[in-house]
Amino acid sequence: MTGPIPVLPTRGDAVLTNLRLVDGVDPTPQDGLAVVVRDGVIADIVAAHDAPTDGVGGVIDLGGAHVMPGLINMHTHFSLSLPGAGGDAVSALDPHELALYMADGARRTLLSGATTVRCVAEKGGADFALRRAIEAGRVPGPRIFTAGRGLCCTGGHGHDTDDTLECDGADAFARGVRSQIRAGADLIKIMISGGIAGEHEQITTPQLTRDEMAAAISTAHSWGRKVTAHAGPAAIIAEAVELGLDCVEHGYELTPDVARSMAERGVSLVPTLVVTRAGAFFDDLGVPAWMQERSLGAGPRHMESYRYALEAGVDVLLGSDMPPFWDFEGTSAVVRELEHMQAGGLAAPDVVRAATAAPARWLDADDRVGTVQTGRFADLIAMPGDPTAGVDALRGIDFVMKGGVVVRDDEGRAR
Ligand SMILES: [Zn+2]
């Protein structure tokens, strides 16, 4: 031993050269640039021939790869447990095993290219411990913004696992919001309707009263937290939007009118299209037939709903719901979601934006993440193909950097 054993590095220095830059702002790639990273942050973007070579922690020749901001996945559950054998195994983990299981998911999420995630219901407060461990360099993982536990009514969506808190009545919802903020929540998640995974409900079941939604939203806003809602049917979404909701998850059954009202009020949609196209994933987890049928049966209406949102100009954001890294249909769940977003009518450069700059803005973190610009964290991914020409290029992600530290390098470019 010659000195103390360090934690994982959380900030690095480097100069990235020989790349095509997809910065998350400009819709087309830019050539002839180099990205200078100091202490984890993009210090400068310079003409390639002006790139410094001394005292910069190493020059990384990316071999002409496309470099873009790391993905921001706005709908993640590291402690996801769906009905069925796979989910039962997660639910049976004791708190120590659960924390380690979630740490493994965080590591794999980062390697899949998601350098920031928004957790929207996690079990037992383990997400707050995980976030602290990642920030301290004890375990690898993405930057985490979390809602803590989701708030549902008694017997409501997600009630059967520890990632929700059952509340009834306006006072209980206000208390629920405060309790998650006390635990460290960056945002609040409310379950306003049924969904796919609830045995005793339908997607169309409204679950919160107007008073309950109003109390949750106004309390969260008073404390400076945004609110997102798990939501299926149009009527209750319309009501929540009117009450000041900031984001809709899934939005299985939007109508053109409700989509317009979301666009007018600046309410985002995280469509999670993959959850109604996830047969292979459900097979992996052994989910029961009723849930498979409900999920896949909702697919066409879900896609129609997404198209209404696009037509109305709603800001749509990447969210996989499935573990982002899950090996799914020849790629990862997060890339498959991006492909569905493009297939549903969003042009590739706009899908890139929906996976980077737009989520960063929702999180009020666009001064730190979501674009390749001076002053942002050096959270970057690289791939041979051009993602602005087609997001299937993301199937080729072979390099991931977080805070200037190379965490994945399949081609050995940083060696
Ligand atoms: Zn979810």
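Me: What makes the meeting of the R395 and E339 side chains a salt bridge?

Reply: The N to O distance between R395 and E339 is 2.6 Å. A salt bridge requires a side-chain nitrogen of Lys or Arg within 4 Å of a carboxyl oxygen of Asp or Glu, so this pair qualifies. Side chains of opposite charge can pair when their charged atoms come close. Please keep in mind that this is a predicted model, in which local features need pLDDT of at least 70 and side-chain atom pairs count only at pLDDT 80 or more, while totals for chains, interfaces and linings use all residues. Residues are numbered from 1 along each chain as its sequence is written, and side-chain values use heavy atoms, with hydrogens and water left out.

Me: Where are the bounds of the two domains, and how do you know?

Reply: Domain 1 covers 14-70 + 371-409, and domain 2 covers 71-362. These bounds come from an automatic or database domain assignment. The C-alpha centres of the two domains lie 29 Å apart.

Me: How do you know that domain 1 and domain 2 are in contact?

Reply: Contact means heavy atoms within 4.5 Å. By that rule, 25 residues of domain 1 touch 28 residues of domain 2. The buried area, which is the accessible area (1.4 Å probe) that two parts lose on being put together, summed over both, is about 1900 Å² here. Carbon and sulfur atoms give 65% of that area. On the domain 1 side, V391, R395 and K402 lose the most area to domain 2, together 34% of what that side buries.

Me: How many polar links cross the interface of domain 1 and domain 2, and what makes them count?

Reply: The rule finds two salt bridges there, and five residue pairs in polar contact, both residues at pLDDT 80 or more. β4 (59-69), β17 (399-402) and β18 (405-409) each supply at least two residues of the side of domain 1 that touches domain 2. β17 gives the most, with three residues. A polar contact is a pair of N or O atoms within 3.5 Å; within protein, one must be able to donate a hydrogen and the other to accept it, and residues adjacent in sequence count only if both atoms are side-chain atoms. The strands are DSSP runs (E, at least two residues), helices are runs of H or I (at least four), and both are numbered from the N terminus.

Me: What makes R149 and D162 a tie between parts of the chain?

Reply: Their closest N and O atoms are 3.1 Å apart, forming a salt bridge. R149 sits in the loop between β7 (143-146) and β8 (150-152), and D162 in the loop between β8 and β9 (164-166), so the pair joins parts 13 residues apart in sequence.

Me: Why is the phi of A121 worth a remark?

Reply: Most residues other than glycine have a negative phi, and most peptide bonds are trans. A121 has a positive phi of about 115° although it is not a glycine. A121 lies in the loop between β6 (114-119) and α3 (126-135), and its 1% relative accessibility makes it buried. H250 also has a positive phi, near 70°, and is found in strand β12 (247-253).

Methods
Buried < 20%, exposed > 50% of the residue type's maximum accessible area, 1.4 Å probe, protein only.
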